[in-house]
Amino acid sequence: PRSGKNLDEKLDLRGSILFVIAVVLMFGSITQGQTVGYTNPMIILGIVISFLSLMVFISLERKITEPLLHLSILRSTFLYRQQYIRIF
């Protein structure tokens, strides 16, 4: 819903691009690896680039003031408790 407030929020474009690269390459490498084999150099390269872009994404998100993903939510014990409850 519209609140009427003009929020001056900026889009984390670099974080968005890095996250999309990481996710697309990881899932693409996993699904294509089933077909061509996980020892294929392109699959290995896709997984490596995916992990590198994820690491750069995390380091970038820690430094900027308006991150795409607030990493502090991953430290929440409430989040982990919910996951344990779902498992059992």
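Helices (H or I, at least four residues) and strands (E, at least two) are taken here as DSSP runs, numbered from the N terminus. The model you have open is a predicted one, in which local features need pLDDT of at least 70 and side-chain atom pairs count only at pLDDT 80 or more, while totals for chains, interfaces and linings use all residues. Residues are numbered from 1 along each chain as its sequence is written, and side-chain values use heavy atoms, with hydrogens and water left out.

**The whole chain**

Begin with the chain in cartoon view, where you will find three helices and zero strands, running α-α-α from the N terminus on. Colour next by pLDDT, which is the predictor's confidence in each residue, from 0 to 100: the mean for the chain is 81, and 66% of the residues reach 70 or more. Confidence is highest in α1, at 93, and lowest in helix α3 (residues 77-87), at a mean of 66.

The chain exposes about 7500 Å², of which carbon and sulfur atoms supply 66%. Of its 88 residues, 19% count as buried, where buried means under 20% relative accessible area, exposed means over 50%, and partly exposed lies in between (1.4 Å probe, protein chains only). If contact is taken as heavy atoms within 4.5 Å, residues 24 or more positions apart account for 58% of the contacts in the chain with a separation of 6 or more.

**Helix α1**

Select residues 13-36, the range of helix α1. This helix has 24 residues and reaches 33 Å from its first C-alpha to its last, close to the 34 Å expected at 1.5 Å a residue; the expected span is 1.5 Å times one less than the number of residues. Its buried residues are Gly-15, Ser-16, Leu-18, Ala-22, Met-26, Ser-29 and Gly-33, and what covers them includes α2.

Zoom in on Ser-29, which is buried, with a relative accessible area of 5%. Not counting residues up to four places away in sequence, Ser-29 touches Tyr-38, Ile-43, Gly-46 and Ile-47. Then move to Leu-25, also placed in helix α1, which counts as partly exposed at 29% relative accessibility. Leaving aside neighbours within four places in sequence, Leu-25 is in contact with Gly-46, Ile-49 and Ser-50; a distance drawn from Leu-25 to Ile-43, 18 residues apart in sequence, gives 9.0 Å, C-alpha to C-alpha. Just after α1, stop at Gly-37, which takes a positive phi of about 100 degrees.

**Helix α2**

Now select α2 (41-63), which has 23 residues and reaches 33 Å from its first C-alpha to its last, close to the 33 Å expected at 1.5 Å a residue. The buried residues of α2 are Ile-43, Gly-46, Ser-50, Ser-53, Phe-57, Leu-60 and Glu-61, and what covers them includes α1.

Among these, centre on Ser-50, which is buried with a relative accessible area of 3%. Its contacts, leaving aside neighbours within four places in sequence, are with Ala-22, Leu-25 and Met-26.

For contrast, select Leu-52 in helix α2, which is exposed, with a relative accessible area of 51%. Leu-52 and Leu-18 are 34 residues apart in sequence and 9.4 Å apart in space, C-alpha to C-alpha. Ile-58, likewise found in helix α2, counts as partly exposed at 27% relative accessibility; Ile-58 and Leu-18 are 40 residues apart in sequence and 9.4 Å apart in space, C-alpha to C-alpha.

**The nonpolar patch**

Finally, select Leu-11, Leu-13, Ile-17, Ile-21, Met-42, Leu-45 and Ile-49, which make a nonpolar surface patch of about 680 Å². Patches are made of residues with over 30% relative accessible area and no salt bridge, like charges being joined within 9 Å and nonpolar side chains (Val, Leu, Ile, Met, Phe, Trp, Tyr) within 5 Å; a salt bridge is a side-chain nitrogen of Lys or Arg within 4 Å of a carboxyl oxygen of Asp or Glu. Helices α1 and α2 each supply at least two residues of this patch.

Note on methods
Accessible areas come from the Shrake-Rupley method with a 1.4 Å probe; for residues, only the protein chains shown count as cover.
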